[in-house]
Amino acid sequence: MQTFTPDSSIASDVIPSANYGDRNKGRLPDMILLHYTGMPDVEGAIAQLCTAGTDVSAHYIVLEDGRIVQCVPESKRAWHAGASFWAGEEDINSCSIGVEIINRGHDWGYPDFPLRQIAAVIALCRGIMLRRKVPSHRVLAHSDVAPARKKDPGEKFPWHSLANSGVGHWVQPAPIVRSEALKLGSISDDVAGLQAALARYGYNVPTHGKFDGATMEVVTAFQRHFRPARVDGVADHSTMTTLHALLASLPAEATTVVAAK
């Protein structure tokens, strides 16, 4: 790709990626998907996202010092989501703008995200939301749309700080208390209700009433984003109360119609 004019006025540089295509069926992006790079060094992460043949890319990279690099125009389809699903959609790359945040990730020590970097992510996302009319509830984690494969940006990512600046959907997580819980192997109507609630929010989860491995992966992903104080895949009172508070605060048209499966 030849160089291009950045879509965001706060992008400090353009490093064109060779990995992109057209959005399918002319789909306009109405989602922002946040990732961490999960690699031990910045140079390797940028090379991975921009070099032909790696088959991965993102629209933006946010460095630890707050600098923002654009790699793919927002009008194009970057290759950042992989096999994924949200709210009935399976081609997440065609409906989203991908933002890679430089962070070594869980496999390399998982450091905290610097404040300057988070401020840059907030400013970038606010601009994208205005330009692309992205609703807050469609600013999501990679782990939300691919819970079986991904952990990023992970439980250390300060979603609450983003929400305080108008980026993303958030409620104060319910406190963790001793309680009955749904966990791997549970079979009940309560499990079916939990699964239906997660599916209404947008997650790809079975709704058959058995707390299986796929359900545990989705509960874990939910906790990473919305109840990060304890990420264990167990649907305790805190997890379920937080989920229902999120659903209650969504616009009515935003909940997903759930079919039994």
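Me: How many aromatic pairs does the structure hold?
Reply: In this predicted model, the structure holds eleven aromatic pairs.

Me: Take Y201 and F226, then: why is that pair edge-to-face?
Reply: The ring centres of Y201 and F226 lie 5.5 Å apart and the ring planes meet at 85 degrees, so the pair is edge-to-face. An angle over 60 degrees between the planes is what that class requires.

Me: And which helices do those two sit in?
Reply: Y201 belongs to helix α6 (residues 189-201) and F226 to helix α7 (residues 213-226), so to speak of the chain, the pair links distant parts of it, 25 residues apart.

Me: Switching to the sheet, what's the strand order?
Reply: There is an open sheet of six strands, ordered β1-β5-β4-β7-β3-β8, and its pairing is mixed. At the edges are β1 (13-14) and β8 (139-141), each of which pairs on one side only.

Me: Do β1 and β5 run parallel or antiparallel, and how many bridges join them?
Reply: They run parallel, with two bridges joining β1 to strand β5 (residues 68-70). Within that pairing, D13 stands opposite V69 in β5.

Me: Which helix packs on the sheet?
Reply: Helix α3 (residues 115-132) packs on it, touching β3, β4 (60-62), β5, β7 (96-101) and β8. The direction of α3 makes about 155 degrees with that of β4.

Me: OK, pockets now. How much space lies in the largest pocket?
Reply: The largest pocket holds about 500 Å³ of space. Its lining consists of 26 residues, and Y36, T37, G38, K150 and D152 are the ones that lie nearest its centre.

Me: Which elements give two or more residues to that lining?
Reply: Those elements are β3 (31-36) and α1 (42-50), and α1 supplies the largest share, three residues.

Me: What's the lining like by class?
Reply: The lining of the largest pocket has eight charged residues, ten polar and eight nonpolar.

Me: Back to D152, what kind of peptide bond joins D152 and P153?
Reply: D152 and P153 are joined by a cis peptide bond, with omega at about 0 degrees. P153 lies in the loop between α4 (142-145) and α5 (159-164), while D152 is, as said above, among the residues nearest the centre of the largest pocket.

Me: Last one: what about the phi of A87, and where is A87 found?
Reply: A87 has a positive phi of about 50 degrees, although this residue is not a glycine. The loop between β6 (76-78) and α2 (92-95) is where A87 is found.

How values were computed: Residues numbered from 1 in each chain as written. Predicted model: local features only at pLDDT ≥ 70, side-chain atom pairs only at ≥ 80, totals over all residues. Heavy atoms only, no water. 1 Å grid on protein atoms, 1.4 Å probe; cavity = no way out; pocket = protein on both sides within 12 Å on 5 of 7 lines; lining within 4 Å. Points joined across faces, edges and corners; volume = space filled by probe spheres on them. Helix = DSSP H or I, 4+ residues; strand = E, 2+ residues; numbered from the N terminus. Nonpolar A, V, L, I, M, F, W, Y, C, P; charged D, E, K, R; others polar. Pairing = 2+ DSSP bridges. Contact = heavy atoms within 4.5 Å. Axes fitted to C-alpha atoms, helices over the stretch in contact; angles between N-to-C directions. Phe/Tyr/Trp six-rings, centres within 6.5 Å; stacked < 30°, edge-to-face > 60°.
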